[in-house]
Amino acid sequence: MCGIFAYLNCGVPKTKKEIVEKLLVGLKRLEYRGYDSAGFAMDDNEKWCEDDDDDDDEEEGGDKKRHDAKKVIVCREVGKIANLEALARKELFGEDDDDENEVKASKSKSSNGRKKSSSSIKPLDFCASIAHTRWATHGPPNKINTHPHTSDSRENEFVVVHNGIITNHAPLRAMLERRGMKFETDTDTEVIPKLCKFLSDKFEESGEKDVTFRQLAMEVTRQLQGAYALVFKSTKYPGELVAAKRGSPLLMGISDDSGEVSCVIDGNLSDGAEEDVLLKKASGNKKRKSMTGGAAAAPAADADTTTTTTRITTTTTTTTNNPKVEFYFASDASAMVEHTKRVLVLEDDDVCHCHDGTYKIYKVEKQKHPHPGYTSGHDSPEYGLYKPVVLSKEVERTIETLEMEVESIMKGEFDHFMQKEIFEQPEAISSTMRGRLVLDVLGAAERVMLGGMSQFAATIRRSRRIILCGCGTSYNSAIAIRQLFEELTELPVTLELASDVLDRRCPFFRDDTCIFISQSGETADTLKALEYAKAKGALCVGIVNTVGSAISRATDCGVHINAGAEIGVASTKAYTCQIVAMVLVALSLSEDSRSKHTRRDDIMQGLLKLPGCVKECLKMDAILLELAQELKEEHSLLIFGRGFNYATALEGALKVKEVALVHSEGILAGEMKHGPLALVDKHMPIIVVCTNDGSYEKQQSVVQQLKARDGRLILIVSDDDTEMEKTAPDAVILRVPKVEDCLQAVVNIVPLQLLSYHLTVLRGHNCDQPRNLAKSVTVE
Ligand code: AGP
């Protein structure tokens, strides 16, 4: 939730217009993370505002450039990025509201309102800019609460964008208010720039004049509790950006001509001394216990199938001589990929400092107060002295190459991301299986190979039980797969909603295997449940879409679902791919079972046909549009399913309520007589999932009972079914391809996804950015 985008050009001249456009495009890519309000801050350098024919300026060194950046533009607006764009166009470039086209430099004027000619606008070699799109948590979504937040809104000496939650903001705010600082917003974030200003002033008063921006940011983050991804900018440190991360995702991107980048490493515990030791960056892959490779690197088959990112080692130089580098920070790769594919993922307690064409990453050391008598923060200093006290160590981080293509974050020929992602499912499912479902010479599926999990398969088989855990759609995929897990592993399988795990303090044990399912890999509830399970000693497995995400890094092993970027807030292709990935896991865990050989073989051959069956389902689009037209004025919709398709009912209902904003309930059909039947009359539309599997006869009886109560029925049946239309001749019948029972949920959800999509569009709602929601729920 909330999206951060930041940009620093070093020796690569950019005009104000170019930078604003870059920030706005970056924010648009992240808009799915939150769309309550948005804003940016950037240097308002004199070179942009005044005619300046003195070419000498261009030849002056970094110091001159630094001194130029005295003023900061802060631009904020409520609502979508388009609103911010309109405001920026008007206020920064003097364009009319109704000019929908590109920002035009020829019409631009200075911030004091004076019209400028394009020839007077000179690019700037160094400019630090930060931007943010907000999903409101503390304080309503109004302009004042919009990021960036500042140390004071007149001078904007320190400006900050933040993703996450500062849990101790109240005592920090009280402390700062006691020391005379005035707060302007309702946000938790505002304490951060205020703390920057407070500590910066105190350091100066104590004679600590050489505190670096990185040191200052570390002193500030030392005071913070909770979760954050932060990017700091300051007029005191022009041309510099500092980023810090704990608990919320943050990536850095690097773009330069040479493919190489400067990296300065001191490698020592530092108490603030900037003793730079220049080393060649050896960013070799460290062995990491995570689902990207387990304790050992994942075998090629699994690694090959990773379509989102791949890790490569890059050589870096130590050159600082006139570097031409652009640095980016973003909450996720989708905002980065059109600028650079070279990224590194910051880890918790990392602080990254970019300036003068170099970057350095430091890990904050957890320790007791190292300088008795000094303080850096809100505790009272014994002798009234303030000094940077945080110790840190410079660390290496692997530069990775994104394999994500720009097209994957564009809508292409589709009207909406949700529509695109529904239609991408056949290909996405194939990607999930690629290299994992191994074929024999005749093209039949022979076995399953999951490189990221193979080392842990025996441990999982010896587990006391398997716990499937996730939220929302990811939880529904767990429901869809539970029965197959029980059948193939013969272990008890329980389900846990991640948010409930901590509330109940679930009894997890060291001989449990906990499988955490998440599209984003960032969901705070799931991450907390994972930390809890780890603390209890359970083996933690991840089923995650986003490579490099917190959940994929924190789990012991796992499978990336490889569905490709999912931008629409409503999860569609991730759901079907999660089920397929977990079918593969269940198959791989049961490969030694002779008694299950035939069943396993049927499922594997069924998997091969699955993308084609989903494609068939997508041909029903026009029928679903017609049905949506019929249902668009309805206020409620019930969906009944059971067995493998209880999940279909829940997931279908979640889609309808989430995007179409229609009340909808997914109900276990076996529960119908225990209450929900009371809702049934001739007005209530009811969808019953009754494809041909072990529950078929029971579902037939459900349909009969609903018909007896005059229910308005829509039935999802197998394409060769002849009975259901006899049972309910008035029902709308939706025919879907028949597949292996445990795979049927993958097919059956497709008509419900299409229905909810069309309902949403017909009702005039935004399916990609539904009301009050955001894609990644990074708050508990
Ligand atoms: C799905 O349509 C929802 N947006 C939501 O329920 C989502 O599945 C849930 O928040 C979990 O997200 P995750 O898969 O990224 O962990």
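The model is predicted.

**First stop: α6 and α7**

Two packed helices are described by the angle between their axes and the distance between the axes. Please select residues 169-178, which form helix α6, and residues 191-205, which form helix α7. To view the contact, display the side chains of His-169, Leu-172, Arg-173, Met-175 and Leu-176 in α6, which meet Val-191, Lys-194, Leu-195 and Phe-198 in α7. By class, the residues of this contact comprise six nonpolar, one polar and two charged.

**Second stop: α7 and α8**

On the α7 side, the contact is made by Ile-192, Leu-195, Cys-196, Leu-199, Ser-200 and Phe-203. On the α8 side, Leu-216, Glu-219 and Val-220 take part. The contact of α7 with α8 consists of seven nonpolar residues, one polar residue and one charged residue.

**Third stop: two backbone details**

Most residues other than glycine have a negative phi, and most peptide bonds are trans. Two places in this model may be examined with that in mind.

Select His-147 and Pro-148, which are joined by a cis peptide bond with an omega of about 0 degrees. Pro-148 belongs to the loop between β4 (124-134) and β5 (149-150).

Next, select Glu-490. Although Glu-490 is not a glycine, its phi is positive, at about 55 degrees. This residue is found in the loop between α13 and β24 (493-497).

Select residues 621-631 for helix α19 and residues 744-762 for helix α23. The two pack with their axes 8 Å apart, at an angle of about 50 degrees. This makes α19 oblique to α23, and α19 passes α23 in a right-handed crossing. Which residues of α19 make the contact? They are Asp-621, Leu-624, Leu-625, Leu-627, Ala-628, Gln-629 and Leu-631. From α23, the partners are Pro-751, Leu-754, Leu-755, His-758, Leu-759 and Leu-762. Sorted by class, the residues of the contact of α19 with α23 are 10 nonpolar, two polar and one charged.

**Last stop: the second largest pocket**

Rolling a probe the size of a water molecule over the atoms shows where empty space is left. To find the second largest pocket, select Cys-471, Gly-472, Thr-473, Lys-775 and Val-777, the lining residues that lie nearest its centre. In total, 31 residues line this pocket, and its volume is about 590 Å³. Which elements give two or more residues to the lining of the second largest pocket? They are α13 (472-489), β25 (512-518), α15 (524-535) and α20 (646-660). Colouring the lining by class shows 13 nonpolar, 12 polar and six charged residues.

Note on methods. Residues numbered from 1 in each chain as written. Predicted model: local features only at pLDDT ≥ 70, side-chain atom pairs only at ≥ 80, totals over all residues. Heavy atoms only, no water. 1 Å grid on protein atoms, 1.4 Å probe; cavity = no way out; pocket = protein on both sides within 12 Å on 5 of 7 lines; lining within 4 Å. Points joined across faces, edges and corners; volume = space filled by probe spheres on them. Helix = DSSP H or I, 4+ residues; strand = E, 2+ residues; numbered from the N terminus. Nonpolar A, V, L, I, M, F, W, Y, C, P; charged D, E, K, R; others polar. Axes fitted to C-alpha atoms, helices over the stretch in contact; angles between N-to-C directions. Parallel < 35°, antiparallel > 145°, perpendicular 65-115°, else oblique. Left-handed = near helix turned anticlockwise from the far one by under 90°. Contact = heavy atoms within 4.5 Å.
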